[in-house]
Protein chains: 2
Amino acid sequence: MKLSLPPKTLLLPSPVLIIGTYGSDGKPNMMNAAWGGIVSSKPPCISVSLREATLSFHNIKQAGAFTVNIPSEKYLKESDFVGMVSGKEYDKFKATGLTPDRSTLVDAPIVKEFPYTLECKLVREIDLGSHTMFIGEIVGMIADSEVLNPKQLPDIEKVRPMMWGSFGSMAYYNIGDKLGDAFSVGNELKQK
Amino acid sequence: MKLSLPPKTLLLPSPVLIIGTYGSDGKPNMMNAAWGGIVSSKPPCISVSLREATLSFHNIKQAGAFTVNIPSEKYLKESDFVGMVSGKEYDKFKATGLTPDRSTLVDAPIVKEFPYTLECKLVREIDLGSHTMFIGEIVGMIADSEVLNPKQLPDIEKVRPMMWGSFGSMAYYNIGDKLGDAFSVGNELKQK
């Protein structure tokens, strides 16, 4: 039976984006954000939406840059932790033992232990109410050689990313099985 | 070893969003979009970025509304198909056998067979280059009673959504195991 329910920001799956920034004091910070995604191919852009209450919000505005770091599932605890506490109270790199590498392209830290990172220059910010959407142009990508496919692109089966089950489960999940190839399995419906 | 690579719109995992729209002739259409995500909590908003070449782009502009339908993994072929062909050439509902239900809240069709749907009113459009980002306020949600948890929210383990492995695999995946509870598993790092 279909039910009509109140509106909810419930997207399945939701990504686990670890946003890296520097403060005006040069201190690296990271936070866990689920409100974001790719928004354009040319130029390559990604958005992340943050509340003004976060330190990352102010860091991005000040530095004009951020990184989107994709954690593998083995960094479950660290990823959850950086979404639970504020960089105003914690040195989150110190508390997690993760390492902030310097980017040569943008003024934002790379989480060294994570499989890959998108380096982003802030190109636009849009106030949407509770959240401001920061649109970053992806100007480079840093990846562990071990997670790349032969075309030098991060392979989901090697990255082993996590996802968030949103408000219906409030839990993290890993990827399961490969179901089929995109732009391929749908071919058989073309004849109908 | 860390490698510096060219920028790429490679987000893991990427969602599988089936966007529902009506044409000015009243004909329902749907397409598969991976460029999108939640962008704000209050008001609850979601974005989807589309190229002008798509029929959905024009339908959204004309109707001022769209739906975001989340397919379960059993609709793999149908989801791939609606991303491969244009609504200008195919009646995609007819070709897939899926059913366009009418929304009482927005001028956009609900894919009846899918576990849940976000009903969205267009509130903003932002030209980003190759893609225009359409921001929709989520004004309602339609869900199968079978996929809801006791709080009446879609449960990822019942919805069984798909994800796209992006350019590194060009394949669809399902969800795997529950890894841990959000805002919980990170607690132990608070003491460090």
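Visitor: How many salt bridges does the rule find across the interface of chain A and chain B?

Guide: Heads-up: this is a predicted model, where local features need pLDDT of at least 70 and side-chain atom pairs count only at pLDDT 80 or more, while totals for chains, interfaces and linings use all residues. Residues are numbered from 1 along each chain as its sequence is written, chains are lettered from A and ligands numbered from 1 in written order, and side-chain values use heavy atoms, leaving out hydrogens and water. A salt bridge here is a side-chain nitrogen of Lys or Arg within 4 Å of a carboxyl oxygen of Asp or Glu. Across this interface, the rule's tally is four.

Visitor: Which residue forms a salt bridge with B:Lys77?

Guide: Look across to chain A for the partner. The closest N and O atoms are 3.1 Å apart, and the partner is A:Glu188.

Visitor: How many residues does the contact take from chain A?

Guide: Contact means heavy atoms within 4.5 Å. Chain B gives 105 residues, and chain A gives 105.

Visitor: Which strand gives the largest share of the side of chain A that touches chain B?

Guide: Strands are DSSP runs of E, at least two residues, numbered from the N terminus. The largest share is eleven residues, and they come from β13(A).

Methods:
Helix = DSSP H or I, 4+ residues; strand = E, 2+ residues; numbered from the N terminus.
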